[in-house]
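Here are a few friendly notes to read alongside the model. Please keep the structure open while you go through the points.

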Amino acid sequence: MTLYSAEPALRYALLFFAYAFLGWCAEVAFAALTTKSFINRGFLNGPVCPIYGFGAVGVLLSIYSLNARMPQTRNIAVLCLLSLVITTLIELVAGFALEKMFHTRWWDYSDARWNIGGYVCPQFSLLWSAACVFVVKVIEPALDIALARIPLWAVFAMDMLFTLLTAVDIVVTAASIRSLNDHLRQLNNVAHDMHAISDGLGEKIYESTMAVSDRAERGGEMLNAGMERLSQAKQATEQRIDRSRQNVIRHIADGREGVSQRLDGARRQLEERRARFAALLQEHHFGESRLMRAFPTMRHMSYPEALDALRGAYGSLRRRRKDSTDQGE
């Protein structure tokens, strides 16, 4: 295969990267309008959102192929329907695949009406359809003119460069997600230990309270029996009464001391776990903050509570930095 025989594929590959970049720009602009701040949106670290590239190129290839075979389909209604179907399928497959690979739901439309598994919903599908119509009718003609002016060797070089950069970005992002999952697993394990110790502490308090109560009750019964025997046997002395009382008091004190020791040990374990949990929240791993800001509604399927706690810790850190910057100004 010569370079010229691969020209269509090379130019569509460059279109993929162009639309992936434009999609990233649109996401960043939307985030800026809604949050009044810059957020690097998208799954990857670089300025690309591959899902937009797949959607745009998929629609373009499908509509051109359909129009070539059936010229009567060259109308806006067919374009809207085709765009709706293709973008919805891409978003559905991408959402499902990413969740299975990383155990995380990166976007969630569960609150939207008529959603499908939270992966897609009609409201956004209609938005993507309208965006594709704009792409085909407005952006694509301009890109075609610009792309035609680029020499084929330059197109090939750019494709290779962008592919290499994207591949590196995918590896780095995957490593960041694995690190995030490990971080969440540690937080979840410590939180589980805290719940177990807390539950055990409550059970120990109950059991120990009942044990002391039983000891006190038995001691009272022993004292009453001794007093009854004393009243029946006039020979008993005051010393025997004191000895009975001391035995009862010692019996109860021993029980209380054992309870106190067990409770102190459980409290120390609980404090150690709390300190470990707080330390884990203060650990900042590469890529975590960006991913949580890029996907504010993402949910981890295995450790949802740990993700919420970590998201809150990063949110507090950003607020403190912002307050510090404002005070400095």
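**Notes on the model**

1. Let's begin with rings: Phe16, Phe17, Phe54 and Phe162 are joined into a cluster by ring pairs. Rings of Phe, Tyr and Trp (its six-membered ring) pair if their centres lie within 6.5 Å; planes under 30 degrees apart count as stacked, over 60 as edge-to-face and the rest as tilted. By this rule there are 12 aromatic pairs.

2. Some ground rules before going further. The model is predicted, with local features needing pLDDT of at least 70 and side-chain atom pairs counting only at pLDDT 80 or more, while totals for chains, interfaces and linings use all residues. Residues are numbered from 1 along each chain as its sequence is written, and side-chain values use heavy atoms, with hydrogens and water left out.

3. Now the overall layout. The chain has 8 helices and 2 strands, in the order α-α-α-β-α-α-α-α-β-α along the sequence. Helices (H or I, at least four residues) and strands (E, at least two) are DSSP runs, numbered from the N terminus. Of the 329 residues in the chain, 36% are buried; buried means under 20% relative accessible area, exposed over 50%, and partly exposed in between (1.4 Å probe, protein chains only). Among contacts with a separation of 6 or more, 75% are between residues 24 or more positions apart, where contact means heavy atoms within 4.5 Å.

4. The buried residues of H2, including Gly53, Val57, Leu60 and Ile63, pack against helix H1 (7–35), helix H3 (76–102) and helix H4 (122–148).

5. Which two parts of the chain does the pair of phenylalanine 43 and tryptophan 106 link? Phenylalanine 43 is in the loop between H1 and H2, and tryptophan 106 is in the loop between strand S1 (104–105) and H4, 63 residues apart. The ring centres of phenylalanine 43 and tryptophan 106 are 5.4 Å apart with the planes at 90°, so the pair is edge-to-face. Phenylalanine 43 is buried at 19% relative accessible area, and tryptophan 106 is buried at 4%.

6. Tyrosine 52 and tryptophan 128 also form an edge-to-face pair, 5.9 Å centre to centre with 85° between the planes. This pair connects helix H2 with helix H4, its residues being 76 apart. Tyrosine 52 is partly exposed at 23% relative accessibility, whereas tryptophan 128 is buried at 18%.

7. Is asparagine 40 buried or exposed? At 14% relative accessibility, asparagine 40 counts as buried, and it is in the loop between H1 and H2. Its side chain makes a polar contact with the side chain of tryptophan 24 at 2.8 Å. A polar contact is a pair of N or O atoms within 3.5 Å; within protein, one must be able to donate a hydrogen and the other to accept it, and residues adjacent in sequence count only if both atoms are side-chain atoms.

8. Finally, please check two backbone angles. Lysine 36 has a positive phi of about 60° although it is not a glycine, and lysine 36 is exposed at 71% relative accessibility. Histidine 103, in the loop between H3 and S1, has a positive phi near 60° and is partly exposed at 42%.
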